[in-house]
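I will then go through a few of its features.

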Amino acid sequence: MRTAYSVETVRAAERDLMARLPEGALMRRAAAGLAAACADLLGRDPGRVYGSRVVLLVGSGDNGGDALYAGAGLARRGAGVTAVLLAPERAHAAGLAALRRAGGRTVEITGSGTGAASGTGTAAAALAAVRRADLVVDGIVGIGGTGGLRPEAVPLAEAAERSGAAVVAVDLPSGVDADTGEVRGTALRADLTVTFGTHKPALLVDPAREYAGSVRLVGLGLDLPAAPDLEALQHADVARLLPVPGAESDKYRRGVVGIAAGSARYPGAAVLAVAGALRGGAGAVRYAGPAARDVIARFPETLVSDRGPKHAGRVQAWVVGPGAGDDAGPVAEVLAADVPVLIDADGLRLADAAAVRARSAPTLLTPHAGEAAALLGVEREEVEAGRLAAARELAGRYGATVLLKGSTTLVAGPKDGDGAAVRVNPTGTSWLATAGSGDVLSGLAGSLLAAGLSARDAGSAAAYLHGLAGRRAADGAPAGAHDVAEAIPDAWRDVMRG
């Protein structure tokens, strides 16, 4: 499992460790890892490092010190290293001295940054160095930075992205918010981010994640709390969650999931939700709704009813909402049931918020960004810019677990303030942005709820499997939602094999 911690937690752990180490030892440890990553990116053959042109973009914080020490290591291996100092008077003194002893040179950016924008004086030399570089190291802003890049840094960032050089971010890309993953202004896009001690939330959550490129973790020996702020499951974690029938299992012991979905206008939503549910580990699927004929034609093993959820028979969990149109009746019936409930699509609009909050059994909401924005009363762009905050806010407002779908799928529980980490799904593909894909996910997650998983675990495991299935179904080409459903068993087997 990959974990991420807040800036406050990381800084406290660093202070504790530095108190037990010789002065500067922690920075040199980080810089050694950074230099090794840069050398790997230039090429494992030492000859590729020798003669390479490396430019360090150096701010005033410890990230700048890390970059300077790493640059000194590369210079000793024969690289031509130039440090562009954006705050010369506040550059890390010991790191700067180490670079100069190793033969590195410096260029200073002074004033308001208008020189960098206009290409005059030392700023012109800095821009020219960036344009010629084989490797650019972004040590402008550390984990405490807020907002986008300062004006004097923007031309350098733009030049780095246009140069064709590999860009390595120190700890995290400059211009992103470490705790939230938000990008408020210009940020420097990296090919590789070398982060120290632990992942930061921004490295796991979009939009900042898109700026990080590949991420390489350099261990520092930090003593971190057992409960992280964010976590990303991996194969072994999901394998431990997935239900496996025992010798005494029958279809009812394995769980029965009810699907209240579809309408005369959207019968396909019911078919796709049932498709996901049948592949989710429950022993049986009951369907209650107007698309029974379509469901039975495609999946004859489904138990169907046209009398509504209340009279459909016993279930261990309900999925309600996909393709429901404007019929609020089934949603109200499902919310009144004393079993776990997943609400998706039209059900999110039709569900009474007070009824959701009043439920004693678990509730899992699965909105995409547009639906989340409607529930929060904000614009979609606000949700997409601050996905982590939106998921937490929704979970708190509804007293429910929230699976926020999108480029980064997040699973936030209603008690995150009490220590439960938000989960970030690491699987998926942009090809999953297709009609009906969310219906398959809802059925899959609902089946896991019926099999006995908690709302948090069901949402997390379903998102993980759904993402893997999407990759397998697409394999670099367009795929339909039915293809994703059919790929779930292969994804399940892949997870169980480790």
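This is a predicted model: local features need pLDDT of at least 70, side-chain atom pairs count only at pLDDT 80 or more; totals for chains, interfaces and linings use all residues.

**Cavities, a core and a recorded site**

Let me begin with the second largest cavity, whose lining by class has seven nonpolar, one polar and no charged residues, where Ala, Val, Leu, Ile, Met, Phe, Trp, Tyr, Cys and Pro count as nonpolar, Asp, Glu, Lys and Arg as charged, and the others, Gly among them, as polar. By a cavity I mean, on a 1 Å grid over the protein atoms alone, a set of points where a 1.4 Å probe fits but cannot get out, whereas a pocket is an open set with protein on both sides within 12 Å along at least five of seven lines, and lining residues have an atom within 4 Å of a point.

Residues are numbered from 1 along each chain as its sequence is written, and side-chain values use heavy atoms, with hydrogens and water left out.

The residues lining that second largest cavity are Ile343, Gly347, Leu348, Ala351, Val356, Leu365, Leu375 and Tyr398. Two of these names, Val356 and Tyr398, come back in a separate core of 43 residues, a nonpolar core being a set of buried Ala, Val, Leu, Ile, Met, Phe, Trp, Tyr and Cys residues joined through side-chain atoms within 4.5 Å. Buried here means under 20% relative accessible area, exposed over 50%, and partly exposed in between, with a 1.4 Å probe and protein chains only.

The largest nonpolar core has 52 residues, and Leu242, Val257, Ile259, Tyr287 and Leu448 touch the most other members.

Which positions does the unreviewed UniProt entry list for "binding site"? That record gives Asn63, Asp138 and Ser174, in the numbering used here, with feature names shortened and annotations that may be inferred rather than shown by experiment. Although they are spread over 112 residues of sequence, they cluster in space, with a largest C-alpha distance of 9.8 Å.

Is Asn63 buried or exposed? Asn63 counts as buried, because its relative accessible area is 7%, and Asp138 is buried as well, at 0% relative accessibility. Leaving aside neighbours within four places in sequence, Asp138 is in contact (heavy atoms within 4.5 Å) with residues including Val170 and Ser174, while Asn63 touches Val170 and Asp171, among others.
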